[in-house]
Amino acid sequence: MERPTAHAARGHRLRGRLRGLGRDYVYVLPGLPLAALSLPLLVGLTAASVGTFVVWVGAPLLPLTLLVASGFAGLSRYRLRAWGVPVEPPRFKPAGRGLTGLAQVMTDPRRWLDLVFESLIALPVRAVTFVVAATWTALVVG
């Protein structure tokens with residue numbers, strides 16, 4: 001049986017690195033557009049919910065905002081799992097039906113954490129990683 005040559009081994013390592021780099025790009029590059037979509041939506045919904053809470057319009061709108069934020073956070077967790085990072089599923093408080101179910105959604109700290117992350121933290125982090133990846137790529141190509 002022949003041993004692989006050093007050239008073949010380098011080619012194999014290079015292919016592995018390129019495959020890993022492609023996987024990293026698939027994770028990093030869509031992050032900025034997703035954050036650019038989630039930020040105005042979540043901030044707008046939160047402002048409308050809080051601003052109209054006094055007249056009871058915001059009462060059902062705030063749980064909807066938290067559910068939308070949890071949806072974006074779920075997408076972020078899915079992207080991390082696809083990237084290869086083990087992420088435990090979140091444990092949300094069980095919500096009932098009707099008005100009490102909406103009130104229970106508002107008392108779930110995990111949903112508030114999802115809202116804070118997706119509206120305040122995700123955009124700056126994803127913008128920096130996107131810019132670093134795009135700049136690095138431009139420098140390598142240039």
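1. Which residues lie nearest the centre of the largest pocket? In this predicted model, Tyr27, Ser76, Leu80, Phe117 and Arg126 hold that position, and they belong to a lining of 17 residues. The volume of the largest pocket comes to about 270 Å³.

2. As for where the lining comes from, the elements that contribute two or more residues to the largest pocket are α1 (6-28), α3 (58-83) and α5 (109-141). The greatest contribution is that of α5, which supplies 9 residues to the lining. Sorted by class, the lining of the largest pocket consists of 8 nonpolar, 3 polar and 6 charged residues.

3. The crossing of the two helices is left-handed.

4. On the α3 side, the residues that meet α5 are Leu62, Thr65, Leu66, Leu67, Ala69, Ser70, Phe72, Ala73, Ser76, Arg77 and Arg79, while α5 answers with Arg110, Arg111, Trp112, Asp114, Leu115, Glu118 and Arg126. By class, 8 nonpolar, 3 polar and 7 charged residues make up the contact of α3 with α5.

5. Two residues link the points above: Ser76 and Arg126 are among those nearest the centre of the largest pocket, and they also take part in the contact between the helices, Ser76 from α3 and Arg126 from α5.

How values were computed. Residues are numbered from 1 along each chain as its sequence is written. This is a predicted model: local features need pLDDT of at least 70, side-chain atom pairs count only at pLDDT 80 or more; totals for chains, interfaces and linings use all residues. Side-chain values use heavy atoms; hydrogens and water are left out. On a 1 Å grid over the protein atoms alone, a cavity is a set of points where a 1.4 Å probe fits but cannot get out, and a pocket is an open set with protein on both sides within 12 Å along at least five of seven lines; lining residues have an atom within 4 Å of a point. Grid points are joined across faces, edges and corners, and a volume is the space filled by probe spheres set on the points. Helices (H or I, at least four residues) and strands (E, at least two) are DSSP runs, numbered from the N terminus. Ala, Val, Leu, Ile, Met, Phe, Trp, Tyr, Cys and Pro count as nonpolar, Asp, Glu, Lys and Arg as charged, and the others, Gly among them, as polar. A crossing is left-handed if the near helix is turned anticlockwise from the far one by less than a right angle, and right-handed if clockwise. Contact means heavy atoms within 4.5 Å.
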